[in-house]
Amino acid sequence: MANFKTQYEDCLRRVQKPARYIGNEFGSVHKEKTDDMMSFAFCFPDVYEVGMSHLGMKILYHMLNERDDTVCERVFAPWGDMEDEMRGRAIPLLSMESYTPVREFDIVGFTLQYEMSYSNVVNMLDLAGIPLRTSERGAGDPFVCCGGPCAYHAEPLAELVDFFILGEGEEVNNEIMDAYKKWRGSGGSRDDFLLSIVALGGVYVPKFYDVEFNDDNTIKRFEPNRPGVPKRVRKRIILDFDKCYAPEKLIVPFMETVHDRIQLELFRGCIRGCRFCQAGYIYRPVRERGVERLTKIAESCIKNTGYDEMSMTSLSTSDYRNLQELIDSLLELTVDKRINLSLPSLRVDNFSMELMEKVQKVKKSGLTFAPEAGTQRLRDVINKNVVESDLIRTSKIAFGGGYNRIKLYFMLGLPTETYDDVKGIADLAKKVIDEGFFSIPPEERRGRSVSITVSTSFFVPKPFTPFQWEPQNLISEMEDKARFLKENIRSKKIVYNWHNSDISLLEAVFAKGDRRLSEVLITAQKLGCKFDGWSDFFDYDKWLEAFKIHNINPAFYANRRIPYDEILPWDYADIGVPKSFLIKEHKKAYEGRTTPGCREKCSGCGAASFGGGVCFE
Amino acid sequence: MSKRRLMFSKLGMAKYISHLDLLRCFTRSIMRAELPVVYSQGFNPHQKMTFSLPLSVGVTSGCECADIEFRDGIADAEIMERLNASLPPDIRILSVGDPKISANDIFAAEYRVTLLCDDPDGNAARAVDNFFAQPEVAIIKRTKKKGEQEMNLMDFVIGAETPKITDEGIEFYLTLSAGGQKNLKPEIAVEALIKYLRSNRGPDAAGYNIHRIKILYDKNNPKIFK
C-alpha cells in the first residue's frame with residue numbers, strides 16, 4: 001500500500017492540476033480501518049472539481065463516516081494525463097483518503113448524475129481492476145452499486161452493477177451497511193446478501209430479473225426470476241426532511257471547484273411539473289426544511305468551512321414558502337462575515353428586485369432565466385408556466401437595478417416544436433432588449449448597454465416524464481434548428497451558444513436504453529470512450545463503432561415514438577407517480593393545456609401515497 | 001491594527017497546492033478561526049494578506065512567510081493556536097511576530113535537494129560537484145514579461161554543498177538567488193543537474209524532492225529571514 005503512495009506521488013509531478021489528487025483537505029475524514037469495520041468507496045465518475053461540487057456526495061460521505069463501524073473514502077475519475085501515468089506504472093484506482101486500492105473496499109458505490117458519465121463508471125472499474133460484469137465477480141470482489149438520479153433507471157449498466165439504490169440514500173444506505181455487517185459474518189453467498197437488501201425496499205438487483213426481447217427489439221417480458229423479489233421496486237424517500245441528516249462539517253477543497261460554496265438545501269422536489277423535467281417527477285413530493293433548521297445548518301457550515309459564499313439550492317429555490325423569512329435569518333449570519341448569499345435558480349414569475357438586492361450585495365453581474373421555449377404555445381405544451389410579460393417585467397427590473405447581462409436558457413427539439421417556435425426564441429430575446437432595456441428612460445438606465453446570452457440545449461426525452469414516449473429529433477433536424485435560430489438572431493447585443501447534438505443523441509440512448517447496452521458500454525470503454533461530457537474526450541465515431549459491433553441501432557432508443565402499451569425498460573421502478581398520470585399529462589401537452597403547480601391545485605399525481613410533504617401541507 | 005508575520009511550513013502533499021490555492025486556504029482558515037482580520041477597502045474587499053517568495057508547486061518548505069493584518073487586541077500566541085486548529089494538517093504555523101525585516105531585502109533561499117537514485121559507482125558526489133564547478137550552464141527561464149530567455153544557471157547559484165548519500169538518494173544543500181531582484185526556481189537548477197548527470201553517465205535520478213530550508217536577507221552579512 002505504501003508502495004502505491006510513493007508511485008502515485010511520482011505521477012503527480014507529471015500531471016496538470018495535481019491538487020485534484022492530493023486529498024487531505026480540511027474536513028476530510030481519515031479513519032484507521034480495523035478488520036471488524038466495513039469500507040465503502042464513494043465514487044464520482046468525473047474529475048475532482050466536478051465531484052466535489054456535488055451535495056449528495058458530501059451528505060452520504062459524512063453520514064457513513066459518522067458510523068463507528070464504517071470507513072467511507074472518496075474516489076474520483078483521474079483526468080486523462082493522470083490515468084496514463086497510473087496505467088503506465090500499473091497503479092490501480094486508489095481512494096483519496098488512504099490510497100487504498102478501490103478493489104479492496106467492501107462496497108464500491110457510484111453516484112450517477114448524468115448519463116454521459118457511464119463510460120467513466122466502466123473505465124473506473126477497469127482502472128480499479130474489478131471484474132466488469134457482475135457475473136464475473138465472486139468472493140473477494142466488492143459489491144458494485146449505484147445511486148443518484150440516473151439510478152432510477154440505469155438498465156444500460158445492468159450487467160456491470162450488482163445493485164441500484166432507488167431514491168434518497170439517507171436512510172437506506174445505513175440499512176444496507178447493517179445488512180452487510182450481518183451477512184459478512186453469516187457465511188452466506190453473494191446472492192444471499194443481495195436478497196437481504198432487496199427486502200429493505202428501494203434496492204434493485206438487475207440479475208434478479210429476466211428480460212426477454214421481441215424480434216423487433218422491444219421488450220417481451222420483464223419479470224423477477226426468484227421468490228422474494230418484487231415485480232416493481234419502489235423508491236425510498238425521507239419523509240421528514242426537517243429531521244433528515246445534513247452534514248454540518250464539509251470538506252473544503254484546496255483547488256477551486258465548480259460549486260465552490262456552501263450549498264444549503266432548502267427542499268427536495270419541485271411543485272411545478274414541467275413535462276420535460278425528470279427531477280420534477282422523481283423527487284416528488286416536495287418536502288421542505290423549516291427556517292429554524294436551515295439557519296442552524298447554515299451556522300455550522302459557516303463555522304466549519306470558512307466559505308465566503310452560500311447558495312440556497314433546490315430545484316426551484318424561489319418556490320420556498322418562507323423565503324423572505326429565511327433570507328432575513330441567514331443575512332444575520334452572513335452580513336458581518338462578508339458572506340454572499342446566492343439564489344441559483346430563478347423563476348421569472350416570482351422574481352423581486354428586493355429579494356435580489358438582499359442576496360447579492362456585492363457582485364452584480366449576470367442573471368439567468370430559463371423560459372425553455374420561445375412561444376407561449378410551446379411553453380404551455382411543456383407546462384413551463386412562464387408568460388412573456390413576466391420575463392419582460394423581470395428584465396426591466398433587473399436592468400433598472402444595475403444588472404447588465406441576462407442569460408436565457410432554451411431547449412430545441414421539444415415535442416410539437418415548429419420553426420415558428422424556434423424563431424420565437426430570437427424574438428423573445430430581442431423583446432427583452434427592446435422592451436426590457438430600451439423602454440427604460442436613458443437617464444434611469446444604470447449601464448450604458450446590455451447583453452443577452454441565449455443558450456440552447458437539445459431536448460432529451462427522459463424516463464418517468466410525460467415525454468418518455470417521445471422521439472428525439474434527428475441530429476440533422478437539431479442542427480437545422482440551431483442554424484435557423486442563429487440566422488434569426490441579428491442583434492449584436494445577443495450572443496448565441498448551443499450544445500453539441502451528437503452528445504444529446506447519446507444522452508437519449510442511455511437515458512432510455514435497456515440492458516443490451518451494457519456490452520456496448522464495455523466495448524466503448526475498450527475503444528477509449530471516457531469523459532463523454534467533455535469535448536476534450538468525446539468521440540462520437542468511437543461510439544458509433546461500439547454500437548455497430550453489437551449490431552445495435554441507437555435510433556431505436558432515441559428517435560422512435562413508443563406506444564403507451566409497450567413494456568418500458570424502466571417499468572420496474574416505481575417513483576410513486578403512475579404511468580396513467582404521465583399518459584394524462586402527455587395528452588394534455590398535445591392539447592396545449594397546462595397543469596397547475598402542487599400548491600395551486602393538487603393534480604393527483606400519486607405522490608400523496610408516500611404520506612407526507614406538500615401533499616399534506 | 002497591526003501587521004503580523006506568520007512563518008509556516010508546507011509539507012507532505014500540500015506541496016502540490018498552488019500559490020492561489022494557498023491564498024484561498026489561508027482566507028478560509030482565518031474565517032474558520034474567527035480571527036479579527038483587516039479587510040481591504042473597495043469594491044471587492046479581501047483580507048489583507050501578502051505572501052513573500054511564492055513557492056513552486058511540488059516543493060515543500062519549512063520557512064514560508066505570510067504577512068497578515070489583524071485588528072488590535074489579539075495576542076500572537078492566540079493567532080498561532082487558533083490558526084493551527086483550523087488549517088489543514090500539512091500546513092502549520094511555526095511562529096507569529098513583528099515583521100521587522102522587509103521582504104524586499106531577501107536575496108537568497110537555501111534548499112535541501114534529494115535526487116532519488118542509487119550511487120552504485122560511488123562517484124555521484126563528485127559528479128554533482130563537477131556540475132556546480134562549471135562556469136556556465138545554459139538554462140531557459142520563463143518570465144511573464146520577457147517570455148523565454150536563455151540564461152546562465154551559475155549566475156543564480158550562490159552555493160552548493162558536496163552531496164552525501166542517504167537511504168533516499170543523493171542529498172545536498174543548494175543556495176540560489178531569490179527575491180524581487182533576481183530569482184530562480186530551484187527545480188530549474190535540479191533538472192539541469194539531472195540532465196547533466198544522465199549525459200555524463202552519472203546516476204539516473206527517477207525523481208527528486210526539494211525542500212526550502214531557509215530564506216536569507218542582507219547580501220553582505222547573510223541572516224535568516226523570519
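In this structure, α6(A) passes α7(A) in a right-handed crossing, where right-handed means that the near helix is turned clockwise from the far one by less than a right angle. This is a predicted model, so local features need pLDDT of at least 70 and side-chain atom pairs count only at pLDDT 80 or more, while totals for chains, interfaces and linings use all residues. Residues are numbered from 1 along each chain as its sequence is written, with chains lettered from A and ligands numbered from 1 in the order in which they are written.

**The helix pair**
- The axes of α6(A) and α7(A) (residues 190-198) come within 10 Å and cross at roughly 145 degrees; axes are lines fitted to C-alpha atoms over the stretch in contact, with angles from 0 to 180 degrees between N-to-C directions.
- Helices here are DSSP runs (H or I, at least four residues), numbered from the N terminus.
- From α6(A), A:I176, A:A179, A:Y180 and A:W183 meet A:D192, A:F193, A:S196 and A:I197 of α7(A), contact being C-beta atoms, placed from the backbone, within 7 Å.

**The two domains of chain A**
- Domain 1 spans 2-233 and domain 2 spans 237-362, with bounds from an automatic or database domain assignment.
- Their C-alpha centres lie 28 Å apart, and the contact takes 22 residues from domain 1 and 24 residues from domain 2.
- On the domain 1 side, α2 (48-51), α3 (55-65) and α6 (169-184) of chain A each give two or more residues, and α3(A) gives the most, with five residues.

**Between the chains**
- Chain B brings 18 residues to the contact and chain A brings 21 residues.

Conventions
Contact = placed C-beta atoms within 7 Å.
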